[in-house]
Amino acid sequence: KLQFLYLIVQEAADGMGGAEGAGQRRPLFVASMVAVLLGAFSLSAAMLRERRAEASLRAKLALSTKEERALDAAVRALRSELAEKRAASYSNRIVKDQVLAAGNDLGKYRIMSVADAVAACHQMKHCQGFTYESSTGSAEPDIAKVFFKSTLQRVALKNWFTYERADMDAAPPEDPGYPLYLKHKDMIEADYDVERIARYGRVANLERWPEYLDDDGEVTHFSYPRPAVDRVALSVSPTVYFIPKMIEGDVAAAIIDEARAQLTRSQVARGKTDTNKSGTDKVRTSSGAWMNDHNPHAKVLRDRIEEISGIPRGSFEELQILRYEEGQKYGSHVDFFHPGAYGDSATQRVATLITFLSTVTVGGKTAFPEAMGAVPPKNAERADCSTGLRVAPMRGAGVLFYSMRKDLALDGTSLHGGCPVGHGQEKWVAVQWLRISMPDGSHPPISRL
């Protein structure tokens, strides 16, 4: 190839500049051209070597990718095998017509098969089980909307299924108020495992309410009470706390003495379509009086309510003192104002704290008939006290419950009432309603389990 190129160069040189001076220019020109051509061939050889090295590297990478894919396939096969084993063993832990406690969802719901949900739950750090609805009534629908949960309190709800992991780690630490529950558990009745909530009451760790503007234009927020030794979680739907020590017995007795002379027949709030304008109703048969901070004993109680609830004094309504005599009751009702019945309002009742001013040994319990998914029987008097959660009155103790959820939705499960007072008994309570201003002045949606 070099000889051939040399001949070409020589021919080109012979044709340059004619015969005159050709002998002098030819050797220099030929040498220069040969040097250029040799450099070009060296560059081509280097490029060829690089291409060969690149091809070799690509072959090695292709082999590595192939091995990696094979490894991925093996991992997927192993996971599938484990999922099949779990799917084969979970059927005896699927419980029909039950749902894990509202809230505590681990992220957004997912659409997947039950077998895939089992495998996914076992890979989550805090997943204790999941809940899914089956419109067909089958425990293993092809696809379902799955809610992964971090709690195991069960609620009766038709066509819902619950899967519970059997390989969870040690139980969470006891709620600090659990010893108080043990001390007063004879006062508390429930159709569900209320002791588990009192022991592991994760409801006590709920995050604070979202911020909003109050009446003065200041940004503020309300929060659930933090875990403390002076309160016990009894329900997560609705949120209910039992406070064994609200006030001393002498303060309770003084409030009763001062209210007794002011008692009048208790009334109920009237909606837009109510025809009875008197304010009284057979659903509420007690008598009551009103107090505020001008009364020193009422102020002591309201100071304690502010401490327990974390809600500022400016959001308090007047304190209502109620007396229930033998046979008197208050049928089941909600404390929030339903927008359909009461129209627009810039504020809403967020919570209620009931303080027991006397001890009642027969009847007179404060009842939450829909607590934790319970379904009370239908009755015209709305006074059923056989389902859900019931708390007996004990002088100085109290019950705090929320009529709204953290997302500011009205909680329909906060339905509650006062059971008929037993023979020879007299029940006294102080009721404090707590309000908030809605962020945009509009009513939130009604929410149930």
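1. A quick word on terms before the rings: a charge sits over a ring if NZ of Lys or CZ of Arg is within 6 Å of the ring centre and within 35 degrees of the ring normal. Lys427 does this with Tyr324, lying over the face of that ring at 4.9 Å from its centre. Bear in mind throughout that this is a predicted model.

2. Trp433 has a charge over it too: Arg349 lies over the face of the Trp433 ring, 4.1 Å from the ring centre. As for burial, Trp433 comes out at 8% relative accessibility, so it counts as buried.

3. On to ring-on-ring contacts. With a cut-off of 6.5 Å between centres, the count comes to eight aromatic pairs. Take Tyr132 and Phe161: their ring centres are 5.5 Å apart and the planes meet at 10°, so this pair is stacked. Tyr132 belongs to strand β3 (residues 129–133) and Phe161 to strand β5 (residues 154–164), so the contact ties together parts that are 29 residues apart in sequence. Both Tyr132 and Phe161 are buried.

4. Another pair worth a look is Trp290 with Trp433. The centres of these rings are 6.4 Å apart and the planes are at 45°, so the pair is tilted. Trp290 sits in strand β12 (residues 287–291) and Trp433 in strand β21 (residues 427–437), so here the parts tied together are 143 residues apart in sequence. Trp290, at 43% relative accessibility, counts as partly exposed, while Trp433 is buried.

5. The Tyr132 and Phe161 rings also belong to a cluster: ring pairs link Phe130, Tyr132, Phe148, Phe161 and Tyr163.

6. Now helix α7, residues 296–309.

7. Which residues of α7 are buried? They are Ala298, Leu301, Arg302, Arg304, Ile305, Ile308 and Ser309. Looking down the axis of α7, these buried residues fall within an arc of 160°, so they line one face of the helix. Pro296 and Glu307 are exposed on the other side of α7. As background, an α-helix has 3.6 residues a turn, so residues three or four places apart point the same way.

8. Finally, the two ends of α7. Asn295 caps the N-terminal end, with a side-chain oxygen 2.9 Å from the backbone nitrogen of His297. After the helix comes Gly310, which has a positive phi, near 75°.

Technical notes: Residues numbered from 1 in each chain as written. Predicted model: local features only at pLDDT ≥ 70, side-chain atom pairs only at ≥ 80, totals over all residues. Heavy atoms only, no water. Buried < 20%, exposed > 50% of the residue type's maximum accessible area, 1.4 Å probe, protein only. Helix = DSSP H or I, 4+ residues; strand = E, 2+ residues; numbered from the N terminus. Arc of directions from axis to C-beta. Polar contact = N/O pair within 3.5 Å; in protein donor to acceptor, adjacent residues only side chain to side chain. Phe/Tyr/Trp six-rings, centres within 6.5 Å; stacked < 30°, edge-to-face > 60°.
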